[in-house]
Amino acid sequence: MKKNYIYVLLYHFVIVVTPLFTTPYVSRVLGAANIGIDAYVNSVVQIFLVFILLNVGVYGRKEIAETENTHQLKKTFAGIYLMQLICGFIVTVAYFLFTWTTTNYQTIFWLYGFMLIAYVLDISWFFIGREQVKRIMLRNTIVRIISIVCIFLFVNDTNDLWIYVLINGTALLIGQMITWGALFADIGKVHFSAHAMKPHVKPMLLLSIIPCISLLYTTMNKVVLGNVVNTTEVGYYNQAFKLYTISMGFVSALSTVIMPRMAMHYKNGNNDKFRQFVNFSIRYVSISTIPLSFGLIGISATFVPLFLGDAFIPATQNVMLFAPCLFLAGIGDVLGLQILLITNQSRKYTLSIVIGSILSFGINLLVVKSLGSEGTVFSFLMANLIIVILQLYFARQYYKFRYFFKIVCKYTIFSAIMLLAMLATKETLSGQGDLMTICYQFISGVYVYLLCLFISKDPLLFQILHKKVGFKIGKK
């Protein structure tokens, strides 16, 4: 599992590093207006996309992890994917009919069709469930790097938005096709049948409610923003959201790798081991995302214009509002994916998402006209907060709230001290170059935070220092 985690981290490292090069370039070359158009079209595409995915990534890797032999593995995969394929075909046809009738940004909508087809072919959940992460991560990393090179070569001015969209869509499609080659090499021929699909229809439809209702605060709120205000505000929101998703990469890697192992322990009745994993995840998410949130707030005023360009200075406040969502989304992964779904409490998990999404959509309708993109980000923050509060209650029997509260308070205090050091560094270097200021802020922040961990004899830090990576930490 440690090797799988390293591979996922390496893949997310590529995902993190490449936007650090491409986003500043694309933001400046295409401009705020084109970025807003791309974000607006993408938000519409996401509405179709959720009816293809049906949350199959979460359900699929859990079911694959629980298979016991090759015959069962083939049957489980065939049943789950056939459901995904049927839904994908119907949605793709509906999407192209929609694109045929639309008048605004029609070319961009047509090109986004490559992305939809790519997600119809997505079977990464199969390899993650089998803990064979290396096989897909290395291939997809190579394809991603090639696409980055193509962006620098062929996206040169404001007229090249269509090229940018085409490169991203085809790269994703090629990556999925390569993954299918690895599947056939692994399990051979697969027989698809309605009989194999039948037992998966009901649980998949139940879980599909989650991405559908999540549209209210992840996608529909952007559509509302674009229609009530303008696409430029969508661009501000979208670029801030990109920085948020880049930061989330290392955190989501944990749930990606750890879920199959936790599902296996729970199915086999190893409750003590399962709880150790839960406690480790809570500590890991807290020790990584809380300082990340404070750090993002500390550098945002300098980082946003440096990274995105002066045209995106209005997005600075958005970045600050997104920052707390790093911790909330990380804890939501632990409570929702690692506890509620694995312990077969899908209804409670779904209910938390439904309530949070509806309240978020309502908040956005109330504030978007007066606050613009900041109001949309605020509604996103409220959605995450409400979801976490509900999941803390629903998952209470699998963790100790005192342990959770103690861990969160500890790392919040350390992160606040770190933030003060970063702000003091910025004040001291007033008048210096932005890049130098950010570098020194980063160094001072990391130093102060690690010093706090060392002085407090943090058990997770000392495990890493002594190269004793494990999950016994959860017992403390």
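Q: Which residues does Trp-125 touch, not counting residues up to four places away in sequence?
A: In this predicted model, Trp-125 touches Val-56, Gly-57, Gly-60, Arg-61, Ile-64, Phe-77, Ile-80, Tyr-81 and Gln-84.

Q: Which residues touch the most other members of the largest nonpolar core?
A: Phe-77, Trp-125 and Phe-126 do, in a core of 130 residues.

Q: How is a pair of aromatic rings described?
A: The description rests on the distance of the centres and the angle of the planes. The whole structure contains 32 aromatic pairs. In one of them, the ring centres of Phe-77 and Phe-192 are 6.4 Å apart and the planes meet at 50°, so the pair is tilted. Phe-77 belongs to helix α3 (residues 70-101), while Phe-192 is in the loop between α8 (161-187) and α9 (194-218), so the pair ties together parts 115 residues apart in sequence.

Q: Is Phe-77 buried or exposed?
A: Phe-77 has a relative accessible area of 0% and is therefore buried. Phe-192, at 33% relative accessibility, counts as partly exposed.

Q: What kind of pair do Tyr-399 and Phe-404 form?
A: Their pair is edge-to-face, with 6.2 Å from centre to centre and 70° between the planes. Both Tyr-399 and Phe-404 are buried.

Q: Which residues form one aromatic cluster?
A: The cluster consists of Phe-77, Tyr-81, Trp-125, Phe-126, Phe-127, Trp-180, Phe-184 and Phe-192.

Q: Where does the charged end of Arg-396 sit?
A: The charged end of Arg-396 is placed over the ring of Tyr-393, 4.0 Å from the ring centre.

Methods
Residues are numbered from 1 along each chain as its sequence is written. This is a predicted model: local features need pLDDT of at least 70, side-chain atom pairs count only at pLDDT 80 or more; totals for chains, interfaces and linings use all residues. Side-chain values use heavy atoms; hydrogens and water are left out. A nonpolar core is a set of buried Ala, Val, Leu, Ile, Met, Phe, Trp, Tyr and Cys residues joined through side-chain atoms within 4.5 Å. Buried means under 20% relative accessible area, exposed over 50%, partly exposed in between (1.4 Å probe, protein chains only). Contact means heavy atoms within 4.5 Å. Rings of Phe, Tyr and Trp (its six-membered ring) pair if their centres lie within 6.5 Å; planes under 30 degrees apart count as stacked, over 60 as edge-to-face and the rest as tilted. Helices (H or I, at least four residues) and strands (E, at least two) are DSSP runs, numbered from the N terminus. A charge sits over a ring if NZ of Lys or CZ of Arg is within 6 Å of the ring centre and within 35 degrees of the ring normal.
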